[in-house]
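The following exercises concern a single protein model.

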Amino acid sequence: MSGPREPPAMPASRRAGARRRPCSLAARRWICGGYLALIAVLSLVPAWLFPPSLADVPGIDKWVHVAMYGGLGMLLRWAAGAGRISWRVWGLPLAGAGYGLLMESLQYAMNGAGRAFSWGDAGANLVGVVLLWIATEWIMTTDAKIESK
């Protein structure tokens with residue numbers, strides 16, 4: 001047997017001092033818009049299109065809402081751009097929660113599709129958006145501090 005293996009060489013893009021090429025702000029916003037469209041489709045298609053297998057798990061519906069809108073919160077923060085953000089941008093998590101409320105209201109209007117309005121779902125949407133917005137803010141701030149060293 002040979003001696004200890006050396007770790008693989010780090011690619012130039014990950015070496016100290018190398019800059020990552022960020023995604024453009026316009027591309028970030030398009031990705032965010034696509035995710036909003038995905039949420040609309042998943043929220044408004046008839047419920048019978050989804051498999052009932054997870055319906056037996058208590059509370060799974062709320063966790064799905066937290067995860068789905070958490071993804072939205074993460075993308076909204078990412079789309080706002082790196083660095084310090086203005087107070088105006090902090091309205092984006094509320095806009096994301098408002099979008100969740102809109103989807104719930106549209107489900108109420110489509111009550112023939114097996115969908116129904118739920119304050120619990122709207123609350124889970126709010127929790128998801130805000131939690132992952134804050135987590136993404138922390139990650140982006142920490143990453144910026146590391147890159148500046």
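**Exercise 1.** Determine whether Gly114 is buried or exposed in this predicted model.

*Solution.* Step 1: take the relative accessibility of Gly114, which is 57%. Step 2: recall that a residue counts as exposed over 50%. Step 3: Gly114 is therefore classed as exposed.

**Exercise 2.** State where Gly114 lies in the chain, and how far Gly114 is from Trp48 in sequence and in space.

*Solution.* Step 1: Gly114 belongs to the loop that links α3 (92–109) and α4. Step 2: in sequence, 66 residues separate Gly114 from Trp48. Step 3: in space, their C-alpha atoms are 7.1 Å apart.

**Exercise 3.** Describe how helices α2 and α4 pack together.

*Solution.* Step 1: identify the helices, with α2 covering residues 60–79 and α4 covering residues 119–148. Step 2: their axes are 6 Å apart and form an angle of about 40°. Step 3: because of this angle, α2 is oblique to α4. Step 4: the crossing of the two helices is right-handed. Step 5: the contact of α2 with α4 comprises 12 nonpolar, eight polar and five charged residues.

**Exercise 4.** Summarise the protein as a whole: which elements does it contain, and what share of its residues is buried?

*Solution.* Step 1: the protein has four helices and zero strands, in the order α-α-α-α from the N terminus. Step 2: of its 149 residues, 28% are buried. Step 3: the protein exposes about 10500 Å², of which carbon and sulfur atoms supply 69%.

Conventions
Residues numbered from 1 in each chain as written. Predicted model: local features only at pLDDT ≥ 70, side-chain atom pairs only at ≥ 80, totals over all residues. Heavy atoms only, no water. Axes fitted to C-alpha atoms, helices over the stretch in contact; angles between N-to-C directions. Parallel < 35°, antiparallel > 145°, perpendicular 65-115°, else oblique. Left-handed = near helix turned anticlockwise from the far one by under 90°. Nonpolar A, V, L, I, M, F, W, Y, C, P; charged D, E, K, R; others polar. Buried < 20%, exposed > 50% of the residue type's maximum accessible area, 1.4 Å probe, protein only. Areas by Shrake-Rupley, 256 points an atom, 1.4 Å probe, with all protein chains shown as cover.
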